[in-house]
Amino acid sequence: GSDATHFIAQPDIIWDDYVLDSQQRAENMVRDAGFMQDVSSSVLASVKDLFPNLQPPRPLQKAIDAIPEAQLSEPCLAIIEAPTGEGKTEAAMLLAHRLAQTQQTDELYCALPTMATSNQMFGRMQTYLRDHLQLNTEVVLVHGQSFLVEDELRIEPLDNGDGKTQVEAVEWFSSKKRALLAPFGVGTVDQSELAVLNVRHNMLRLISLAGKVIILDEVHAYDTYMSTIIERLLQWLSVLGCSVVLLSATLPLKRRLALANAYGADASIIGEGYPSVIIAKKGEPIYFESPDAWQPNREITLKGLEIGGAGLTDAAENNAEWLMGLVKEGGCACWICNTVDRAQKLYAALDLLNVHGDITLTLLHARFPLEQRQKIETELADLYGRNGKRPVRGIVIGTQVLEQSLDLDFDVMVSDLPPIDLLLQRAGRLHRHARARPDQHKTPILYINTSLQQDADSGLGADAFIYDEFVLRQTWRVLALPKQVLLPRDYRPFVEQVYGYTPDPNDALFEAWEKLCKKQIKEKQEADLRLLPKPDATYSFVAEASRLTFEENENSAAWIVAQTRLGEESLNIIPIELVDVSHGQTISDAPMMIVLNRKADYDTALKLLRGNMRISNYEAIAGIRGVAIARPSKLFNETALLKGYTPLLLTNGRASFKTKKGEIVLHLHPKLGLVIEKGDN
């Protein structure tokens, strides 16, 4: 109502005319903002009609077709568990469209674990609305850096016949506070979590989600802290009458029960079949169905990687030489590392050996500038996606970013030891699609970067700082027994043997288990501190909430921030190559000269932001912040878009800092990304 563009002051207008004019202006405003878009599809809610290109449908999708209408006549919680490649995304879309038939709207918000996976889903959602729901509408990308990539990711904007595209209609939703109000949205789970954290305007976020179907993907990937927030979110969404669809490769049974209970459903009796579809409603029995797998009896051979001895193999040169031999006769291999440093060293060793350039090498991790990382992700999809033009010999080295939602397919895989559920997720990239394989890779083999001998001690190394020791060691115990894994049969037993196992005091893992329990209690307490109270129609928590309101700031990890994720401190940085004392250059294929002590215009700020990345090395963070404090610049302090980001000033691509433990050197390498290593001193 305070919008001066649509509501122009007219002090001399008579009352009757004012009422009529205001009504028309309000209607114009709502239409121009984008609320009048098509939100209800007339396409029949069956897999045959919605996805004619997926014929015959996969068993999981047929199971969604078979859910009785009565189960979907009211808001519900759906939990879909299936291995990667079984068509979970299409199943979720089909279920959302079936629910739309009773809610009279197809509006939805799809929440994913990372910005990268959100960006990928953004393109799929646009295609889904246009080609499958046949709606002349647009999707809004909702995350902290969406304004940098949304225009680039938008595909073939539709024309209403009046020369105006729907892109213009969704611009009103570009504000971070209003983005979730858009009828159709794709973004990070963090944006929905903020609806139940004690931040300003959280009620606006709750109202934004009301009336939509909320799809939460990769639910297994969230720790105790995030899971506590999600459970509170489910409580509120249930009260608001929202239907929620949870997608996961597989969930521990205890975790699945907690999610259903949070929504208000009696989930005391749930089947254990896998894959599975669950429909849970308040006060009614659980609907459970376990469809067949589309890829039944996928047999994967597990092998321990013991190059040069038992335990964790961390010699990059030896590993690289072995990998080169793995694809010598052809094939596409992937090694997922648990740390960026390990991935960089392995790739560098491969690059040295690939003297003739006849092997296509690719490296992907989180310490590439945003623009460069997006290019790498696109290249990976073009090479190893469903319809990719695969190289004769290719090797991909990456970190955890490869295990979530990226539709990639490899002939052979290697993985550092992660928790069992994440390992199974990684295994989903092995022989993912039906295609001809090189002779030596006809059988899918997953190498684990550790000894799998029962009498060996699994050396965890740096991995113990990334994942919980108990979960890693129990995962190793489970993997040390079989040499052949049959999927999806072994999904549920494997996960339960790790997450459902309680050691007795005589067990060697008892101390690690106690440590994990204490950590989980602390994480839950941290989440409870920031959460809104449970929904209660008889209790107003306004006064309570006003006493402690957290700040919504995605670029900070301070205690007062309403964190949607709990972990070590991180810092968003923007590398800048120094030219002289007052000038620098952006890091990109076409560098732009910038003035450090001058406020940047919008285009320059966007150019800088496309080079941003996030780091969590505490020594590097301390060094970069120290320089920023000692050399404050108007470029970052006075440019609104750059607030919350810190410059990394480089000379010839390098910066060094003195720490208590010695010198640390940061090097922005064109192939390796940001390398962080100890200096010579």
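**Figure 1. Gly 87 counts as buried, with a relative accessibility of 9%.** Buried denotes under 20% relative accessible area, exposed over 50% and partly exposed the range in between, with a 1.4 Å probe and protein chains only. The model shown is predicted, so local features need a pLDDT of at least 70 and side-chain atom pairs count only at pLDDT 80 or more, while totals for chains, interfaces and linings use all residues. Residues are numbered from 1 along each chain as its sequence is written, and side-chain values use heavy atoms, with hydrogens and water left out. Gly 87 lies in the loop between β1 (77-81) and α4; helices (H or I, at least four residues) and strands (E, at least two) are DSSP runs numbered from the N terminus. Apart from neighbours within four places in sequence, Gly 87 is in contact (heavy atoms within 4.5 Å) with Arg 58, Leu 60 and Gln 61. Between Gly 87 and Leu 668 there are 39 Å in space, C-alpha to C-alpha, and 581 residues in sequence.

**Figure 2. Helix α4 (residues 88-103) is largely enclosed by the rest of the structure, since 13 of its 16 residues are buried.** From first to last C-alpha, α4 reaches 22 Å, close to the 22 Å expected at 1.5 Å a residue. This expected span is 1.5 Å times one less than the number of residues in the helix. Just after α4 comes Gln 104, with a positive phi of about 60°. Gln 104 is not a glycine, and its place is in the loop between α4 and β2 (108-112). At 57% relative accessibility, Gln 104 counts as exposed.

**Figure 3. Helices α4 and α5 (residues 115-132) cross at roughly 45°, and their axes come within 13 Å.** With this angle, α4 is oblique to α5. Angles under 35 degrees count as roughly parallel, over 145 as roughly antiparallel, 65 to 115 as roughly perpendicular and the rest as oblique. Axes are lines fitted to C-alpha atoms, for helices over the stretch in contact, and angles run from 0 to 180 degrees between N-to-C directions. The crossing of α4 past α5 is right-handed, meaning that the near helix is turned clockwise from the far one by less than a right angle. On the α4 side, the contact is made by Thr 89, Glu 90, Met 93 and His 97; on the α5 side, by Met 121, Arg 124, Met 125 and Tyr 128. Sorted by class, these residues comprise 4 nonpolar, 2 polar and 2 charged. Here Ala, Val, Leu, Ile, Met, Phe, Trp, Tyr, Cys and Pro count as nonpolar, Asp, Glu, Lys and Arg as charged, and the others, Gly among them, as polar.

**Figure 4. Helices α10 (224-239) and α18 (residues 510-530) pack at an angle of about 40°.** The axes of α10 and α18 are 8 Å apart. At that angle, α10 is oblique to α18, and α10 passes α18 in a right-handed crossing. Thr 224, Tyr 225, Thr 228 and Ile 229 of α10 meet Gln 520, Glu 523, Lys 524, Glu 526, Ala 527, Asp 528 and Arg 530 of α18. The contact of α10 with α18 has 3 nonpolar, 3 polar and 5 charged residues. In the loop between β5 (213-216) and α10 is Glu 218. Glu 218 has a positive phi near 55° and is a residue other than glycine; with a relative accessible area of 6%, Glu 218 is buried.

**Figure 5. The buried residues of helix α14 (residues 370-384) pack against several helices and strands.** The partners are α5, α6 (146-153), β10 (331-336), β11 (360-364), β12 (393-398) and α20 (602-609). Buried in α14 are Leu 370, Arg 373, Gln 374, Ile 376, Glu 377, Leu 380, Leu 383 and Tyr 384. The end C-alpha atoms of α14 are 21 Å apart, in agreement with the 21 Å that its 15 residues should span at 1.5 Å a residue.

**Figure 6. Ser 46 lies in the loop between α1 (15-33) and α2 (47-50).** Ser 46 is buried, at a relative accessible area of 16%. Setting aside residues up to four places away in sequence, Ser 46 touches Phe 51, Asp 65 and Leu 94.

**Figure 7. Cis peptide bonds join Tyr 274 to Pro 275 and Leu 487 to Pro 488.** Omega is about -5° for the bond between Tyr 274 and Pro 275, and Pro 275 is found in the loop between α11 (253-263) and β7 (276-280). For the bond from Leu 487 to Pro 488, omega is near 10°. Pro 488 has its place in the loop between β15 (484-487) and α17 (491-499).
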